[in-house]
Amino acid sequence: MNIKSISIDEFLQRIGSQPNGNIWSVLVTSNLDNSKLAEELEETLTIFTECEVGIISADNVVDNVVNEIQQASEEYLIIWNFENWDNHHWRKFDQMRSRLIKQRGVVLVLSEKIVNKMFVDAPNLVSWIGACVYEFIEDSEFLTEEERQMRVVELQQWSGYSDAQVLELAESEQLPPDPEYGEWLVLLNREDLIGR
């Protein structure tokens with residue numbers, strides 16, 4: 001599977017452009033201290049999504065992790081510490097995926113070695129996650145204003161629309177559902193129009 005490299009700013013834009021309702025994403029990191037990334041992500045997502053975000057550390061007992069997911073009161077979850085999971089853990093997690101519904105969504109923080117195990121041993125979960133698997137660029141900064149403008153130009157060329165046309169389509173609830181349009185609205189600071 002081709003994994004796109006992404007900065008934290010780009011990841012937040014993609015989160016912001018997603019519809020509400022059990023959207024799962026995976027951040028692949030080479031940083032061995034996934035706990036620090038999970039904590040920083042919790043703080044950032046709490047601000048960005050304006051909802052409660054919880055952290056779950058995966059352990060060797062899949063049933064415990066599934067129960068924690070089900071009992072969590074937070075709308076959004078970050079799950080990390082899968083390093084001890086082998087093929088049996090992933091297969092069982094895959095079989096229990098119907099019990100993993102969250103109101104907003106879940107981010108799995110995985111190492112490259114572990115994400116490869118997930119691809120092999122949890123095919124149904126992987127198909128559920130879809131293309132929302134990203135390699136996290138360590139120490140990446142938020143997009144500069146110039147980079148944001150460059151991305152807007154790319155989106156204009158891709159779609160053939162101007163900013164004004166996209167805003168008009170969003171306001172009239174005629175914007176196509178492609179995630180790029182949601183990202184575009186975020187770049188224009190019009191997250192309020194996502195999902196309209």
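User: Why does Trp24 count as buried?

Analyst: Keep in mind that this is a predicted model. Buried means under 20% relative accessible area. Trp24 comes out at 3% relative accessibility, so it counts as buried.

User: And why does Trp128 count as partly exposed?

Analyst: The partly exposed class runs between the buried limit of 20% and the exposed limit of 50%. Trp128 has 32% relative accessibility, so partly exposed is the label.

User: What makes the aromatic pair of Trp24 and Trp128 stacked?

Analyst: Let's start with the pairing rule. Ring centres have to lie within 6.5 Å, and planes under 30 degrees apart count as stacked. By this rule there are eleven aromatic pairs. In the pair of Trp24 and Trp128, the distance is 5.5 Å centre to centre, with 25° between the planes, and the label is stacked.

User: Which parts of the chain does that pair link?

Analyst: Distant ones: Trp24 is in strand 2 (residues 23–28) and Trp128 in helix 6 (residues 123–129), 104 residues apart.

User: Why is the pair of Trp85 and Phe93 called edge-to-face?

Analyst: Edge-to-face needs planes over 60 degrees apart. The ring centres of Trp85 and Phe93 are 5.2 Å apart and their planes are at 75°, so edge-to-face it is. As for accessibility, Trp85 has a relative accessible area of 0% and is buried; Phe93 is buried as well, with 0%.

User: Which residues do ring pairs link into a cluster?

Analyst: The cluster is made of Trp24, Phe82, Trp85, Trp90, Phe93 and Trp128.

User: What is Phe93 in contact with, leaving aside neighbours within four places in sequence?

Analyst: Contact takes heavy atoms within 4.5 Å. On that basis the partners of Phe93 are Trp24, Val62, Val65, Val66, Ile69, Trp85, Leu100 and Leu125, once neighbours within four places in sequence are left aside. Another core, of eleven residues, lies apart from the largest one, and includes Val152, Leu155, Leu175 and Tyr181.

User: Which residues touch the most other members of the largest nonpolar core?

Analyst: Of its 50 residues, those are Trp90, Phe93, Leu108 and Met118.

User: How do you know that Asp121 is buried?

Analyst: Its relative accessible area is 11%, and the limit for buried is under 20%. So Asp121 gets the buried label. Asp121 lies in helix 5 (residues 112–121) and touches Asn87, Trp90, Arg91 and Asp94, not counting residues up to four places away in sequence.

Methods. Residues numbered from 1 in each chain as written. Predicted model: local features only at pLDDT ≥ 70, side-chain atom pairs only at ≥ 80, totals over all residues. Heavy atoms only, no water. Phe/Tyr/Trp six-rings, centres within 6.5 Å; stacked < 30°, edge-to-face > 60°. Helix = DSSP H or I, 4+ residues; strand = E, 2+ residues; numbered from the N terminus. Buried < 20%, exposed > 50% of the residue type's maximum accessible area, 1.4 Å probe, protein only. Core = buried A, V, L, I, M, F, W, Y, C linked by side-chain atoms within 4.5 Å.
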